[in-house]
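Please read them with the structure open.

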Amino acid sequence: MSEAANYIELCAVGDVSQDLPFKAQIDGTDLAVFQIGDAYYVTQDLCSHGPGSLCEGYVDGEEIECPFHQGKFNIITGKPTAPPCTEALKIWNVAVKDNKIMIDPASGHVAAA
Ligand code: FES
């Protein structure tokens, strides 16, 4: 038996650009919405290393550089790509409908190492 995922809206497509992620909030948790090409990705906004907000970081291709200690993550997988970050970010399944970026809140997970 399969159930349709309950996607909830985070923001409009126009709120995000390749250079500027959008910070959304769900149940008091900040999420970072990224655009890479025509695709959208959502990770936790809080860096897994410390207090850095990844939405305030620097996007370079598929990577986000944390503004705090310049650690990096792959936006698509959430995996750390540069020290001092060692723990992967939580990521969510994203859908785009009617120009709205949505996630399935229940899909949040950390990619296997
Ligand atoms: S808080 Fe992000 S690299 Fe340290």
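**Notes on the fold and its core**

1. L10 lies in strand β1, which covers residues 8–12. Strands here are DSSP runs of E of at least two residues, and helices are H or I runs of at least four, both numbered from the N terminus. L10 counts as buried because it has 24 C-beta neighbours inside 10 Å. The cut-off for buried is 20 or more other C-beta atoms within 10 Å of the residue's own, for exposed 12 or fewer, with partly exposed in between; C-beta atoms are placed from the backbone.

2. The model is predicted: local features need pLDDT of at least 70, side-chain atom pairs count only at pLDDT 80 or more, and totals for chains, interfaces and linings use all residues. Residues are numbered from 1 along each chain as its sequence is written.

3. What does L10 touch, leaving out residues up to four places away in sequence? The partners are A24, L31, V33, V42, I101, M102 and I103. Contact is taken as C-beta atoms, placed from the backbone, within 7 Å.

4. Overall, the protein chain has 0 helices and 12 strands. Its radius of gyration is 13 Å, close to the 13 Å of the globule rule for 113 residues, so the chain is as compact as a globular protein of that length. That radius is taken over C-alpha atoms, and the rule is 2.2 Å times the number of residues to the power 0.38. The C-alpha trace spans about 40 × 30 × 25 Å along its principal axes. Of the 113 residues, 35% count as buried. Among contacts between residues at least 6 apart in sequence, 37% join residues at least 24 apart.

5. β1 belongs to an open sheet of 3 strands, ordered β1-β11-β10 with antiparallel pairing. Pairing requires that DSSP find at least two bridges between the strands. β1 and β10 are the edge strands, each pairing on one side only. From one strand to the next the twist averages 35°, with axes fitted as lines to C-alpha atoms and angles running from 0 to 180 degrees between N-to-C directions.

6. Within this sheet, β1 and β11 run antiparallel and are joined by 4 bridges; A12 has K100 of β11 as its bridge partner. β10 (residues 94–97) also pairs with β11 in the antiparallel sense, over 4 bridges, and V94 is bridged to I103 of β11. β10 and β11 form a hairpin with 2 residues between them, and D98 in the turn has a positive phi of about 50°.

7. A further open sheet has 5 strands in the order β2-β3-β4-β9-β12, with antiparallel pairing. Its edge strands are β2 (22–26) and β12 (109–110), each of which pairs on one side only. β3 (residues 29–36) and β4 (residues 39–44) are antiparallel over 6 bridges, and V33 has V42 of β4 as its bridge partner. In the hairpin of β3 and β4, with 2 residues between the strands, G37 takes a positive phi near 60°.

8. On its way to the rest of the sheet, β4 is joined to β9 by 2 bridges, and these strands run antiparallel. The bridge partner of T43 in β9 is I91. Is β4 enclosed or open, and why? β4 is largely enclosed by the rest of the structure, because 5 of its 6 residues are buried.

9. The largest nonpolar core has 28 residues, of which L10, A32, V33, F34 and V42 touch the most other members. Such a core is a set of buried Ala, Val, Leu, Ile, Met, Phe, Trp, Tyr and Cys residues joined through C-beta atoms within 7 Å. The elements giving two or more residues to the core are β2, β3, β4, β9 (90–92) and β11 (100–103). β3 supplies the largest share, 4 residues. In soluble globular proteins, nonpolar side chains tend to be buried together.

10. F34, one of those core residues, touches P21, Y40, Y41, V59, I64 and I75, not counting residues up to four places away in sequence.

Key. Two residues are in contact if their C-beta atoms, placed from the backbone, lie within 7 Å.
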